[in-house]
Amino acid sequence: MSSFFWAMDPRRSLRAEISLASGAIVLLLSTALSFYASDTSKLQIEKSEGDAFVQRAQTALDVLDRGMYERSREIRNAAMLDEMRDPKVAVPRKRELMERLQKNFDAYAWIGFCGPDGIGLVGTGGYLEGKNLSKRPWCTEGRKGDYIGDVHDAMLLAKLLPNPSGETFYLVDVASPVFDHKNNLLGVLCGHIYWTWASEALDSKLTPGQDIFLLSNDGKVLSGPEAAWVDFNGMAPDTMMHIRSGAKQGYHIEEFSNGRTYLVGHATSSGYRDYKGFGWTAVVREDITTAFAPARALQQHILTAGALVGVFFTWLTWLMAGRIAGPIHRISKEAEKVAAGELSYDVPPHRSENEVGQLSQAIHDMVVNLTREIKQRREAEAGLRLSAKVFEQNSEAIIVTDAENRIAMVNRAFSEITGYQSEEVIGQNPRFLASGRQVIQFYRAMWSELLEKNNWRGEIWNKRKNGEIFPEFLTISTVRNEQGEITHFIGVFIDITERKLEEERITRLANYDSLSGLPNRNLLADRIEQAVAQAERHGSKLAMLFIDLDHFKNINDSLGHDVGDELLKQVAERLKVCLRRTDTLARQGGDEFIALITEIGSETEASFVADKMISACADGFEINGHLLHVTPSIGISMCPDDGNTQVQLMRNADLAMYRAKDSGRNRFAFYEEQMNRKAVERLRLESDLRGAIEQQQLMLYYQPKVACADNRVVGMEALLRWKHPEFGFISPAIFIPVAEQTGLINEIGDWVLRQAVLQQRMWQSQGHVIVPVAVNLSVAQFQQGDFVERIQRIVREGGLDAHYIELELTESMLMESAIDQHSVLNHLNDAGFNLALDDFGTGYSSLSRLKVLPMSSLKIDQSFVRDIATDPNDRSIVSATAALAHAMGIKVVAEGVEQPGQLEFIQSLHCEEYQGYLFSPPLPAAEAVRFLA
């Protein structure tokens with residue numbers, strides 16, 4: 001009992017306070033309310049419920065109209081697809097597009113495409129293909145423009161489509177014309193929509209006790225609790241009268257033909273966007289017994305409550321207002337501070353045990369939770385701002401599109417790379433960036449991989465706003481929702497123009513000569529492989545020209561590498577002019593070039609090109625004020641006659657080039673089989689020569705030098721001989737050039753000098769009177785940095801005086817040497833060595849050079865001595881040479897004296913010495929010793 005009184009105590013229970021205060025107010029109002037509450041409540045219910053019915057009817061129609069519009073737009077969009085507008089796209093591909101649309105929007109019973117003549121071309125499931133559809137309204141009206149047909153039965157499709165019940169069902173048609181890219185009509189695309197799709201929007205189960213009808217513009221029931229196609233006028237004539245009066249919406253009370261009275265609301269369709277609608281009407285009804293039940297209950301409650309608590313309402317409201325309003329006012333002030341942003345403010349709860357205190361405590365707890373949530377939200381907002389900043393300031397371009405591939409947002413890097421601002425591209429399909437370099441199959445493969453794997457990456461060419469085409473590396477990812485449906489695509493790309501340029505530069509460096517710009521060995525090898533394959537395929541020939549510049553080293557050494565490089569570039573330009581665009585000119589290295597001539601019929605064409613190249617170089621080259629002359633020696637090999645691989649063709653052309661040089665230079669020569677045999681023999685010779693010293697196959701022969709006056713031996717010339725264990729004696733003219741080319745000449749030259757010194761010492765120890773021995777030097781020895789020191793050391797170690805060694809040098813050797821000749825020769829002369837100029841007149845005879853060289857003797861070459869008895873020119877040359885040498889105080893030695901007449905002529909010129917077979921051929925040391933007194 002005490003708890004009862006506690007609950008009724010106004011000082012403790014807010015419920016009691018409000019109840020007593022409300023009773024006082026009810027006392028004053030209940031009397032007036034009780035008289036009109038019942039009628040006014042009915043009017044209010046009729047109006048509110050009627051408006052609600054009208055609103056529901058209008059909402060249902062809006063849903064239907066919007067749905068019909070969306071279905072129509074789907075068909076219009078499908079009709080605009082490139083593959084639908086292209087008559088060359090195969091029927092299966094178009095059927096695949098329609099079936100995908102039907103799968104995405106399951107409201108479609110069938111999607112089909114008829115031609116201009118009304119014949120069905122393609123349809124989902126293959127239905128109605130080949131059928132005459134010209135009498136179908138959608139097929140005829142769809143040619144004129146977008147078409148939406150009224151509800152109709154599906155007699156034919158009910159038999160074709162899967163329909164287990166066998167019952168007729170109803171459809172709504174949407175159609176759109178299809179034009180090709182030249183605006184020629186290709187046909188009509190149509191979609192049949194199940195009427196059940198629309199009926200679901202009218203399901204009365206959504207509001208139990210209320211019925212909803214959908215009426216056609218002639219008053220037939222399309223959907224509702226009554227049978228389809230029933231005349232609604234027979235059920236509710238007043239309602240139909242309101243509808244036919246032109247009123248778009250309204251409500252009223254009417255007794256239906258079933259004897260029950262209903263509150264009725266109706267609305268007529270007004271269409272959606274450019275879809276005008278069918279003029280359908282939605283009708284919502286509810287039995288007034290159910291609709292006005294709240295009004296009757298309200299009337300009874302007002303009368304009962306007013307009578308019981310009305311007296312207490314006014315008095316208690318005034319009494320308790322201050323008690324209730326005070327705490328609530330304080331709570332309101334505290335809540336305003338929280339709303340102003342003072343999140344750290346702690347709201348003190350009202351110290352009371354009643355509802356006000358509980359409310360205060362609840363607000364306190366709410367603010368604590370709200371403060372925490374606001375802090376979390378601010379942190380989340382800060383994270384979003386950071387993400388947005390990262391998105392905007394990312395150096396990689398980012399583009400985000402929706403599921404239909406319309407651009408939703410781009411960052412600043414996108415604008416910097418493409419030139420398009422965000423407002424220019426939002427809402428567009430990214431295909432406007434396409435450069436046209438990729439074919440449609442590329443994009444199909446890209447989208448197939450993207451949809452299958454949810455990402456794609458690769459290189460693609462796009463176009464900037466200014467029309468410039470550029471390469472980019474693109475990564476595309478899909479974004480899906482919780483249901484797995486694609487919501488967005490995110491593309492990230494970078495401009496790789498610089499990388500492509502660098503790749504091209506590296507490729508050029510790898511395949512082209514940096515000096516001349518011609519293809520190098522790598523690219524030449526590829527060109528040769530392709531040319532050989534083409535020649536084999538077409539049964540044609542190709543020629544390889546190996547081009548080497550004669551005496552180029554002299555120009556390089558005397559005028560410098562800059563002049564030599566410029567000369568190589570000018571030569572390359574002249575040689576290129578001699579070739580066709582289909583031919584290749586490559587630089588092999590140094591002063592060597594390779595020309596590849598394809599698609600020729602015979603060697604005549606190759607020789608014609610070689611002649612052109614020789615003629616092109618004949619005029620000389622103007623470089624830095626120098627007029628330079630350089631000639632080419634050209635070797636030619638033919639494919640397939642001389643080989644069908646790069647190695648064979650190049651090796652044989654190289655051999656032919658050396659033959660051209662040996663034949664006098666500035667000419668060309670074709671490869672012959674015997675060249676290869678000689679090359680093989682030369683390799684064998686080189687290999688055997690390397691072991692000839694260790695195996696003691698080399699030996700020295702000595703030929704006496706005889707005084708012309710008394711026929712006394714005054715010197716000897718050491719001549720190198722090689723006795724091969726298999727081939728016997730090999731001529732020095734054969735193996736000496738091999739030794740010079742392989743670098744063995746330095747080792748052999750030291751051996752010859754050392755053997756000559758040792759032989760002199762041996763003869764001397766045997767008591768013989770020794771004479772100076774001449775040793776021939778090569779240009780390779782002469783160019784060694786320690787040449788003088790090496791010779792001095794060998795002679796010194798042998799214990800022989802330097803004047804017993806005579807060093808013979810040729811004119812050509814002195815010309816080819818790049819060192820300071822005068823300094824070296826003077827050092828040798830100062831060291832006591834006798835110096836002789838050998839083969840005078842056969843090389844670059846220079847009187848000015850002869851004048852300054854410290855030569856003790858001059859040897860007239862045997863080519864002049866051989867014919868002095870019969871050839872007046874040779875007699876004149878020998879006479880002039882002897883006179884010149886004597887005038888300069890140089891001793892004259894004649895070589896190759898084999899006949900008495902030759903000796904007599906030499907003696908008549910007062911030559912000091914001679915050597916030749918007339919006196920003695922070269923002999924081994926054991927036999928030559930007899931000439932020593």
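Guide: Let's start with Phe256, which is buried at a relative accessible area of 4%. Buried here means under 20% relative accessible area, with over 50% called exposed and anything in between partly exposed (1.4 Å probe, protein chains only). Before going on: this is a predicted model, where local features need pLDDT of at least 70 and side-chain atom pairs count only at pLDDT 80 or more, while totals for chains, interfaces and linings use all residues. Residues are numbered from 1 along each chain as its sequence is written, and side-chain values use heavy atoms, leaving out hydrogens and water.

Searching the whole structure turns up 14 aromatic pairs. Rings of Phe, Tyr and Trp (its six-membered ring) pair if their centres lie within 6.5 Å; planes under 30 degrees apart are stacked, over 60 edge-to-face, the rest tilted. Phe256 pairs edge-to-face with Phe232, at 6.2 Å between centres and 80° between planes. Phe232 sits in the loop between β8 (221–223) and α8 (237–244), and Phe256 in the loop between β9 (249–255) and β10 (261–268), so the pair ties together parts 24 residues apart in sequence. Those helices (H or I, at least four residues) and strands (E, at least two) are DSSP runs, numbered from the N terminus. Phe232 is buried too, at 0% relative accessibility.
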